Amino acid sequence: MTNDLPSFKNLFYLVNLHQELNFHRAADACGVSQSTLSTGIKNLEEVLGDKLLERHGNTFTFTVIGEDVVQRSRKLLAEANDMVALVRQQGNVMTGDVRLGCISSIALFVIKSIFKHCDEAYPDLNLTIREDSTSELIDALTKGELDMIFVAQPVDIGNHHYMKVGIDPFKFVVHPDLAERLGEPLNYQDLPDDSIYLLRGESSMSETELGAFFLDNKKKISHQSATSLQTLALLVDAKVGATFLPQMAIDYGLVKSSHAIVMQPPGEAPYREIGLMWRKSSIKVATLRTLGLAIQKLRYG
């Protein structure tokens, strides 16, 4: 019977409570009073016939079954949102909302062209962007908070659909004073120790992607680092050092205003594979595939 089924409203309350771990903040996120949210959670427990929270005075923890219900609720809410979007599209796949996620080392270089293309080709498509780390983007995609995300391989695709957008090779960017001391062809062993600057933490230049370089030249890597490609380019320009930058960053003009020299790495040049991911269960598959093919052509066509 439908009366025995939980309401989507209460599932929404539960998911937000799990996200915020605080009744007051969760109520604000849901746009309701704290008492309304609390009543909704209790009603959900009554309908399901089990405790979702262990209450300890003013604090609480989720029960084992409560954690499971939260995960299932996220999937149900994501599918419900997709269903609403499908109905609103009314047969025109390039309409409605598409929430795109992107890591910072890609976002700066693709957002302008993607938004420009969508404005011209798909005026009824409402595209929004969220910039975050790969792990956070994949989590948001799984929860249904995003429809499609940009990723740089290697990543765990899991149960999601993956579309390869293209290959983005790395170039070696060198301070001019250092470039004068290097021969042709470039030999990494000619570089001073501690002279290569890389991104800190999650980056498009990990040991996986630059593995061949790291194996033989670890002493060349500087202890100084940056958290963005823009800062990395400035660091090379300000000091006598070098770095690897993806081609799309160079095409964007990241080193145009500096005196840095762009060189082709020797041998088999490192690169990153750029791709798009979306949920296989998404009702927006036709929209996302069409948009993905357009992005593929914009960047690499």
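Let me begin with a definition: the rings of Phe, Tyr and Trp (for Trp, its six-membered ring) count as a pair if their centres lie within 6.5 Å, and a pair is called stacked when the planes are under 30 degrees apart, edge-to-face when they are over 60, and tilted for the rest. The model we are looking at is predicted, so local features need a pLDDT of at least 70 and side-chain atom pairs count only at pLDDT 80 or more, while totals for chains, interfaces and linings use all residues. Residues are numbered from 1 along each chain as its sequence is written, and side-chain values use heavy atoms, with hydrogens and water left out.

With that definition, a search of the whole structure finds four aromatic pairs. Phe 23 counts as buried at 17% relative accessibility, and Phe 60 counts as buried at 15%, where buried means under 20% relative accessible area, exposed means over 50%, and partly exposed lies in between, with a 1.4 Å probe and protein chains only. Ring pairs also bring in Phe 62, linking Phe 23, Phe 60 and Phe 62 into a cluster.

Let us turn to the nonpolar cores, each a set of buried Ala, Val, Leu, Ile, Met, Phe, Trp, Tyr and Cys residues joined through side-chain atoms within 4.5 Å. The largest has 52 residues, and those with the most contacts inside it are Ile 106, Phe 150 and Leu 245. Helix α5 (residues 104-121) gives the most to this core, namely six residues. A second, separate core of 17 residues includes Phe 62, together with Ala 27, Cys 30 and Leu 37.

What is the angle by which α5 bends at Val 110? The bend there is about 50 degrees, taken as the angle between axes fitted to the seven residues ending at a residue and the seven starting there. Among the buried residues of α5 are Ile 106, Phe 109 and Val 110 itself.

Finally, Met 248 is found in helix α10 (residues 247-252) and is buried, with a relative accessible area of 2%. Its C-alpha atom is separated by 8.9 Å from that of Phe 170, 78 residues apart along the chain.

Notes. Helices (H or I, at least four residues) and strands (E, at least two) are DSSP runs, numbered from the N terminus.
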